[in-house]
Amino acid sequence: MVTISINAKTARDNWEKLDKGLQQAEYVPENGMILEKQEVVLRPNDNVLELLKRVTRHNKNPFDFQGSTDNSFGSAYIKGINHLYEFSAGSLSGWMYKINDEFFNYGVSKYYPKDNDEIEIIYTTDLGRDIGGEMPNDIKK
């Protein structure tokens with residue numbers, strides 16, 4: 001069992017940067033939480049991508065990602081959740097993730113959670129600086 005949440009508080013805190021069409025609670029709730037922390041049963045060979053696909057489908061949150069063969073990182077990349085995409089809140093915005101309060105510099109399809117992991121999918125508007133997880137220099141665009 002793991003927990004997973006989807007947090008877009010930074011998009012809410014930077015409302016003026018957000019694309020006008022997304023300035024609605026259906027896309028970014030007032031508390032910023034697209035998905036409150038919930039428990040998910042781990043299945044054999046689950047990675048963060050598979051868990052994220054499962055919980056977004058179950059909660060009817062649109063989810064879009066780039067496959068591992070479609071980028072130079074060799075790992076799946078979160079493009080958008082709940083219509084909130086990379087660059088929806090400026091040129092430094094997008095989705096990051098952390099496990100047990102630690103950010104990783106590889107995509108969601110490369111991390112295989114263990115029991116009791118806490119997975120947080122977090123929207124940044126400043127390349128991670130606003131959420132405590134600045135992107136390493138080797139993957140900055």
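Five strands form an open sheet in the order β2-β1-β8-β6-β7, with mixed pairing. Strands β2 and β7 (102-103) stand at the edges with a single partner strand each, so one side of each has no neighbour in the sheet. Strands here are DSSP E runs of at least two residues, helices are H or I runs of at least four, and both are numbered from the N terminus. Two strands pair if DSSP finds at least two bridges between them.

This is a predicted model: local features need pLDDT of at least 70, and side-chain atom pairs count only at pLDDT 80 or more, while totals for chains, interfaces and linings use all residues. Residues are numbered from 1 along each chain as its sequence is written, and side-chain values use heavy atoms, leaving out hydrogens and water.

Strands β6 and β7 pair in the antiparallel sense over two bridges. I99 has E102 in β7 as its bridge partner.

Now turn to helix α2. The helix lies across β1, β2, β6 and β8, and runs at about 70 degrees to β1. Axes are lines fitted to C-alpha atoms, for helices over the stretch in contact, and angles run from 0 to 180 degrees between N-to-C directions. The helix spans residues 48-58, and its buried residues are V48, L49, L51, L52, R54, V55 and T56. Buried means under 20% relative accessible area, exposed over 50%, and partly exposed in between (1.4 Å probe, protein chains only). These buried residues pack against β1 (2-7), β2 (33-40), β3 (63-66), β4 (77-81), β6 (94-99) and β8 (118-124).

What caps the N-terminal end of α2? N47 does: one of its side-chain oxygens lies 3.1 Å from the backbone nitrogen of L49. N47 sits in the loop between β2 and α2. N47 is buried, at 7% relative accessible area. A polar atom of its side chain also lies 2.8 Å from the backbone nitrogen of E50. After α2 comes K60, with a positive phi near 60 degrees.

V40 belongs to strand β2. V40 is buried, with a relative accessible area of 8%. Leaving out residues up to four places away in sequence, V40 touches M1, V2, I4, L51, R54 and V55. Contact means heavy atoms within 4.5 Å.

Terms used. A polar contact is a pair of N or O atoms within 3.5 Å; within protein, one must be able to donate a hydrogen and the other to accept it, and residues adjacent in sequence count only if both atoms are side-chain atoms.
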